[in-house]
Amino acid sequence: LYEMKRCSGPCVDLIDKEKYDRYVNDAIRFLKGKSEVVLDDLKRNMEEAAEALEFERAEHFRKLILSVEETLQRQSVDKPGNGTSADVLGIYRNGDEVVLSVLSFHLGRLDAYKHHNFSKILESDEELYESFILQNYLGQSLVPKLILVPKNLENEKEIQEILNVSVAKPERGEKKALVEMAIKNAEAAYHQKKDKSAIQEKAL
(Lines give C-alpha, C1' and ligand atoms only; values in the text may rest on other atoms or scores of the structure.)
Protein backbone atom coordinates (compact mmCIF):
# COMPACT_ATOMS: atom_id res chain seq x y z
CA LEU A 1 0.00 0.00 0.00
CA TYR A 2 2.92 2.34 0.67
CA GLU A 3 4.31 1.71 -2.82
CA MET A 4 0.84 2.44 -4.22
CA LYS A 5 0.84 5.73 -2.24
CA ARG A 6 -2.16 4.59 -0.21
CA CYS A 7 -0.32 4.36 3.13
CA SER A 8 2.27 6.45 4.95
CA GLY A 9 4.14 3.37 6.21
CA PRO A 10 4.04 3.95 10.01
CA CYS A 11 4.65 0.27 10.84
CA VAL A 12 8.08 0.41 9.18
CA ASP A 13 8.98 3.94 10.36
CA LEU A 14 8.61 5.61 6.96
CA ILE A 15 6.84 8.53 8.64
CA ASP A 16 7.75 10.28 11.88
CA LYS A 17 5.35 10.34 14.84
CA GLU A 18 4.64 14.08 14.59
CA LYS A 19 3.54 13.87 10.95
CA TYR A 20 1.54 10.69 11.55
CA ASP A 21 -0.24 12.31 14.53
CA ARG A 22 -1.17 15.19 12.24
CA TYR A 23 -2.77 12.74 9.79
CA VAL A 24 -4.68 11.08 12.65
CA ASN A 25 -5.93 14.43 13.96
CA ASP A 26 -7.07 15.41 10.45
CA ALA A 27 -9.02 12.14 10.20
CA ILE A 28 -10.63 12.79 13.61
CA ARG A 29 -11.59 16.35 12.65
CA PHE A 30 -13.06 15.13 9.37
CA LEU A 31 -15.14 12.44 11.10
CA LYS A 32 -16.36 15.02 13.64
CA GLY A 33 -17.69 17.15 10.78
CA LYS A 34 -14.88 19.75 10.78
CA SER A 35 -14.24 19.06 7.12
CA GLU A 36 -13.77 22.73 6.15
CA VAL A 37 -10.78 23.00 8.50
CA VAL A 38 -9.26 19.85 6.99
CA LEU A 39 -9.80 21.21 3.46
CA ASP A 40 -8.12 24.51 4.36
CA ASP A 41 -5.09 22.61 5.70
CA LEU A 42 -4.87 20.45 2.58
CA LYS A 43 -5.09 23.48 0.28
CA ARG A 44 -2.37 25.24 2.26
CA ASN A 45 -0.15 22.14 2.04
CA MET A 46 -0.76 21.92 -1.72
CA GLU A 47 0.21 25.58 -2.22
CA GLU A 48 3.36 25.20 -0.10
CA ALA A 49 4.40 22.10 -2.06
CA ALA A 50 3.82 23.89 -5.38
CA GLU A 51 5.87 26.92 -4.25
CA ALA A 52 8.71 24.55 -3.24
CA LEU A 53 8.46 22.99 -6.74
CA GLU A 54 7.46 19.65 -5.17
CA PHE A 55 4.91 18.97 -7.89
CA GLU A 56 4.34 15.29 -7.12
CA ARG A 57 3.56 16.18 -3.49
CA ALA A 58 1.29 19.03 -4.63
CA GLU A 59 -0.57 16.61 -6.93
CA HIS A 60 -1.01 14.23 -3.98
CA PHE A 61 -2.70 16.99 -1.96
CA ARG A 62 -4.83 18.01 -4.95
CA LYS A 63 -6.19 14.43 -5.21
CA LEU A 64 -6.89 14.38 -1.49
CA ILE A 65 -8.82 17.65 -1.76
CA LEU A 66 -10.92 16.29 -4.65
CA SER A 67 -11.60 13.09 -2.69
CA VAL A 68 -12.74 15.02 0.42
CA GLU A 69 -14.95 17.34 -1.67
CA GLU A 70 -16.52 14.35 -3.43
CA THR A 71 -17.26 12.70 -0.06
CA LEU A 72 -18.85 15.91 1.25
CA GLN A 73 -20.97 16.17 -1.89
CA ARG A 74 -22.26 12.61 -1.39
CA GLN A 75 -22.99 13.28 2.28
CA SER A 76 -25.00 16.41 1.49
CA VAL A 77 -27.68 14.15 -0.04
CA ASP A 78 -28.24 12.75 3.45
CA LYS A 79 -29.29 16.13 4.87
CA PRO A 80 -32.70 15.89 6.54
CA GLY A 81 -34.06 19.36 5.92
CA ASN A 82 -31.83 22.28 6.82
CA GLY A 83 -29.08 20.35 8.57
CA THR A 84 -30.84 20.20 11.94
CA SER A 85 -30.56 17.20 14.25
CA ALA A 86 -32.95 14.44 13.26
CA ASP A 87 -33.68 10.77 13.93
CA VAL A 88 -35.14 8.58 11.20
CA LEU A 89 -37.04 5.45 12.24
CA GLY A 90 -37.77 2.33 10.24
CA ILE A 91 -39.29 -1.07 11.09
CA TYR A 92 -38.82 -4.49 9.55
CA ARG A 93 -41.26 -7.16 10.71
CA ASN A 94 -41.15 -10.94 10.23
CA GLY A 95 -43.91 -12.79 12.07
CA ASP A 96 -43.85 -11.65 15.67
CA GLU A 97 -40.22 -10.52 15.47
CA VAL A 98 -39.47 -6.86 14.83
CA VAL A 99 -36.33 -4.80 14.29
CA LEU A 100 -36.59 -1.04 14.69
CA SER A 101 -33.71 0.93 13.19
CA VAL A 102 -32.79 4.48 14.23
CA LEU A 103 -30.58 6.63 11.97
CA SER A 104 -29.34 9.71 13.84
CA PHE A 105 -28.30 12.80 11.88
CA HIS A 106 -26.36 15.74 13.32
CA LEU A 107 -25.61 18.91 11.34
CA GLY A 108 -27.00 17.19 8.26
CA ARG A 109 -24.74 14.13 8.37
CA LEU A 110 -25.33 10.58 9.53
CA ASP A 111 -23.83 10.50 13.01
CA ALA A 112 -24.94 7.12 14.43
CA TYR A 113 -27.35 4.25 14.00
CA LYS A 114 -28.90 1.72 16.36
CA HIS A 115 -31.06 -1.38 16.06
CA HIS A 116 -33.67 -2.44 18.61
CA ASN A 117 -34.93 -6.03 18.54
CA PHE A 118 -38.38 -7.04 19.78
CA SER A 119 -40.01 -10.47 20.00
CA LYS A 120 -43.67 -11.49 20.29
CA ILE A 121 -44.84 -8.01 19.35
CA LEU A 122 -48.58 -7.70 18.78
CA GLU A 123 -48.62 -3.91 18.39
CA SER A 124 -49.11 -2.43 14.93
CA ASP A 125 -46.22 -0.51 13.40
CA GLU A 126 -47.94 2.79 14.22
CA GLU A 127 -48.40 1.80 17.89
CA LEU A 128 -44.81 0.58 18.11
CA TYR A 129 -43.46 3.84 16.70
CA GLU A 130 -45.49 5.82 19.22
CA SER A 131 -44.49 3.74 22.26
CA PHE A 132 -40.83 3.64 21.17
CA ILE A 133 -40.64 7.41 20.65
CA LEU A 134 -42.14 8.14 24.06
CA GLN A 135 -40.03 5.57 25.92
CA ASN A 136 -36.80 6.37 24.07
CA TYR A 137 -36.87 10.18 24.19
CA LEU A 138 -38.92 11.11 27.25
CA GLY A 139 -36.65 12.53 29.93
CA GLN A 140 -33.59 12.55 27.67
CA SER A 141 -31.43 15.68 27.63
CA LEU A 142 -30.48 15.30 23.95
CA VAL A 143 -33.62 14.99 21.85
CA PRO A 144 -33.51 15.58 18.07
CA LYS A 145 -35.48 18.48 16.64
CA LEU A 146 -37.12 16.21 14.07
CA ILE A 147 -38.24 12.56 14.06
CA LEU A 148 -39.13 11.02 10.70
CA VAL A 149 -41.36 7.91 10.52
CA PRO A 150 -42.92 5.98 7.61
CA LYS A 151 -46.44 6.02 9.10
CA ASN A 152 -48.93 8.65 10.17
CA LEU A 153 -49.22 8.46 13.96
CA GLU A 154 -52.61 8.78 15.62
CA ASN A 155 -51.18 10.63 18.64
CA GLU A 156 -48.65 12.67 16.70
CA LYS A 157 -49.80 16.03 18.07
CA GLU A 158 -49.68 14.86 21.70
CA ILE A 159 -46.19 13.33 21.21
CA GLN A 160 -44.91 16.58 19.72
CA GLU A 161 -46.24 18.56 22.68
CA ILE A 162 -44.83 16.16 25.28
CA LEU A 163 -41.35 15.92 23.74
CA ASN A 164 -41.20 19.36 22.09
CA VAL A 165 -40.14 17.81 18.77
CA SER A 166 -41.50 17.67 15.24
CA VAL A 167 -42.73 14.26 14.11
CA ALA A 168 -43.41 13.81 10.41
CA LYS A 169 -44.14 11.22 7.75
CA PRO A 170 -42.39 12.49 4.59
CA GLU A 171 -44.26 11.97 1.34
CA ARG A 172 -41.50 12.69 -1.17
CA GLY A 173 -37.92 13.81 -1.68
CA GLU A 174 -34.79 13.12 0.32
CA LYS A 175 -36.64 12.76 3.64
CA LYS A 176 -38.76 9.93 2.21
CA ALA A 177 -35.56 8.34 0.86
CA LEU A 178 -34.07 8.47 4.37
CA VAL A 179 -37.10 6.71 5.85
CA GLU A 180 -36.79 4.00 3.19
CA MET A 181 -33.10 3.71 4.09
CA ALA A 182 -34.01 3.17 7.76
CA ILE A 183 -36.44 0.39 6.81
CA LYS A 184 -33.78 -1.32 4.66
CA ASN A 185 -31.32 -0.93 7.52
CA ALA A 186 -33.76 -2.68 9.86
CA GLU A 187 -34.24 -5.53 7.37
CA ALA A 188 -30.47 -5.94 6.95
CA ALA A 189 -30.03 -6.01 10.75
CA TYR A 190 -32.72 -8.70 11.05
CA HIS A 191 -31.05 -10.96 8.46
CA GLN A 192 -27.63 -10.34 9.97
CA LYS A 193 -28.92 -11.40 13.39
CA LYS A 194 -30.57 -14.51 11.91
CA ASP A 195 -27.39 -15.46 10.01
CA LYS A 196 -25.33 -15.06 13.18
CA SER A 197 -27.76 -17.23 15.15
CA ALA A 198 -27.68 -19.90 12.45
CA ILE A 199 -23.88 -19.96 12.45
CA GLN A 200 -23.77 -20.26 16.26
CA GLU A 201 -26.39 -23.02 16.22
CA LYS A 202 -24.46 -24.92 13.56
CA ALA A 203 -21.23 -24.57 15.55
CA LEU A 204 -22.92 -25.87 18.70
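Val24 sits in helix H1, which covers residues 17-31. This is a predicted model. Val24 has a relative accessibility of 32%, so it counts as partly exposed.

Is Asp26 buried or exposed? Asp26 has a relative accessible area of 14%. The cut-off for buried is under 20%, so Asp26 is buried.

Which residues does Asp26 touch, leaving aside its neighbours within four places in sequence? Asp26 is in contact with Val38 and Asp41.

## Salt bridges

Side chains of opposite charge can pair when their charged atoms come close. The structure holds nine such salt bridges. One of them joins Asp26 to Arg29, with the closest N and O atoms 2.3 Å apart. These two residues lie three apart in helix H1, which means about one helical turn separates them. Asp26 is buried, whereas Arg29 is partly exposed at 25% relative accessible area.

Another salt bridge pairs Asp41 with Arg44, at 2.5 Å from N to O. Both residues are in helix H2, which spans residues 35-51. They are three residues apart, so about one helical turn lies between them. Asp41 is buried, with a relative accessible area of 14%. Arg44 is partly exposed, at 42%. Asp26, Arg29, Asp41 and Arg44 are linked in a network of salt bridges.

Arg57 and Glu54 form a salt bridge as well, at 3.1 Å from N to O. Arg57 is partly exposed, with 35% relative accessibility. Glu54 is partly exposed too, at 36%.

## The whole chain

How many helices and strands does the chain have? There are six helices and five strands. Along the sequence, they follow the pattern α-α-α-β-β-β-α-β-α-β-α. The radius of gyration is 22 Å, well over the 17 Å that the globule rule gives for 204 residues, so the chain is more spread out than a compact globule. Its C-alpha atoms fill a box of roughly 70 × 50 × 30 Å along the principal axes.

Of the 204 residues, 29% are buried. The chain exposes about 13900 Å², and carbon and sulfur atoms supply 51% of that area. Now take the contacts between residues at least 6 apart in sequence. Of these, 50% join residues at least 24 apart.

Methods. Residues numbered from 1 in each chain as written. Predicted model: local features only at pLDDT ≥ 70, side-chain atom pairs only at ≥ 80, totals over all residues. Heavy atoms only, no water. Helix = DSSP H or I, 4+ residues; strand = E, 2+ residues; numbered from the N terminus. Buried < 20%, exposed > 50% of the residue type's maximum accessible area, 1.4 Å probe, protein only. Contact = heavy atoms within 4.5 Å. Rg over C-alpha atoms; globule rule 2.2 N^0.38 Å. Areas by Shrake-Rupley, 256 points an atom, 1.4 Å probe, with all protein chains shown as cover. Salt bridge = Lys/Arg side-chain N within 4 Å of Asp/Glu carboxyl O.
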